[in-house]
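Work through the exercises below with the sequence and the model at hand. Each task is followed by a solution in steps.

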Amino acid sequence: MEAQIRQILSEQARLPVDIGDLDDDADLYQAGMTSHASVSVMLALEDAFDIEFPESMLRKGTFESVSAITAALTTLVGAPAE
């Protein structure tokens, strides 16, 4: 799951740094992701994992790090975090 998340981030987050250089808990917004790019990330995650983020998860904190995204997806797909 984490590898797929990182792949989506590398394609959609428009980060000025390599996603591979960031720790799981690194703040993606501080690393350069914009709120507009986070929407692209969200849509790509929904497509990749065949889920829909509920309104309660549509907040900055859900997408602020690889760890936060993994936790949200784990909740939605019911898979254990890797």
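This is a predicted model: local features need pLDDT of at least 70, side-chain atom pairs count only at pLDDT 80 or more; totals for chains, interfaces and linings use all residues.

**Exercise 1.** Find the place of R14, and say what its phi and its accessible area are.

Solution. Step 1: R14 belongs to the loop between α1 and α2. Step 2: R14 is a residue other than glycine with a positive phi, near 55 degrees. Step 3: R14 has a relative accessible area of 51%. Because exposed means over 50%, R14 is exposed.

**Exercise 2.** Which residues does G32 contact, once its neighbours within four places in sequence are left aside?

Solution. Step 1: G32 is in the loop between α1 and α2. Step 2: leaving aside neighbours within four places in sequence, the contacts of G32 are R14, L15 and P16. Step 3: take L15 from that list. G32 and L15 are 17 residues apart in sequence, and their C-alpha atoms are 5.4 Å apart in space. Step 4: with a relative accessible area of 30%, G32 is partly exposed.

**Exercise 3.** Describe how α1 and α2 cross, and list the residues that meet.

Solution. Step 1: two packed helices are described by the angle between their axes and the distance between the axes. Step 2: the axes of α1 and α2 come within 9 Å, and the crossing angle is roughly 140 degrees. Therefore α1 is oblique to α2. Step 3: the crossing of α1 past α2 is right-handed. Step 4: from α1, the residues Q4, I5, I8, L9 and Q12 take part, and they meet A37, S40, V41, A44, L45, A48 and F49 of α2. Step 5: sorted by class, this contact of α1 with α2 has 9 nonpolar residues, 3 polar ones and no charged ones.

**Exercise 4.** How far apart in space are Q4 and L45, and how exposed is Q4?

Solution. Step 1: Q4 is part of helix α1. Step 2: Q4 and L45 are separated by 41 residues in sequence and by 8.9 Å in space, C-alpha to C-alpha. Step 3: leaving aside neighbours within four places in sequence, Q4 is in contact with A48 and F49. Step 4: the relative accessible area of Q4 is 37%, so Q4 is partly exposed.

**Exercise 5.** Check the span of α2 and name its buried residues.

Solution. Step 1: α2 has 15 residues. Step 2: at 1.5 Å a residue, 21 Å is expected, and α2 reaches 21 Å from its first C-alpha to its last. Step 3: the buried residues of α2 are A37, S38, S40, V41, M42, A44, L45, E46 and F49. Step 4: these buried residues of α2 pack against α1 and α3.

**Exercise 6.** Describe how α1 and α3 cross, and list the residues that meet.

Solution. Step 1: helix α1 covers residues 2-12 and helix α3 covers residues 66-77. Step 2: their axes come within 10 Å and cross at roughly 120 degrees. This is why α1 counts as oblique to α3. Step 3: α1 and α3 have a right-handed crossing. Step 4: E2, I5, R6 and L9 of α1 meet V66, I69, T70 and L73 of α3. Step 5: the residues of the contact of α1 with α3 comprise 5 nonpolar, 1 polar and 2 charged.

**Exercise 7.** Check the span of α3, then say which of its residues are buried and what covers them.

Solution. Step 1: α3 has 12 residues, so at 1.5 Å a residue it should span 16 Å. Step 2: the end C-alpha atoms of α3 are 16 Å apart, which agrees. Step 3: V66, A68, I69, T70, A72, L73 and T74 are the buried residues of α3. Step 4: their cover includes α1 and α2. Step 5: just after α3 comes G78, with a positive phi of about 70 degrees.

Methods
Residues are numbered from 1 along each chain as its sequence is written. Side-chain values use heavy atoms; hydrogens and water are left out. Axes are lines fitted to C-alpha atoms, for helices over the stretch in contact, and angles run from 0 to 180 degrees between N-to-C directions. Helices (H or I, at least four residues) and strands (E, at least two) are DSSP runs, numbered from the N terminus. Angles under 35 degrees count as roughly parallel, over 145 as roughly antiparallel, 65 to 115 as roughly perpendicular and the rest as oblique. A crossing is left-handed if the near helix is turned anticlockwise from the far one by less than a right angle, and right-handed if clockwise. Contact means heavy atoms within 4.5 Å. Ala, Val, Leu, Ile, Met, Phe, Trp, Tyr, Cys and Pro count as nonpolar, Asp, Glu, Lys and Arg as charged, and the others, Gly among them, as polar. The expected span of a helix is 1.5 Å times one less than its number of residues. Buried means under 20% relative accessible area, exposed over 50%, partly exposed in between (1.4 Å probe, protein chains only).
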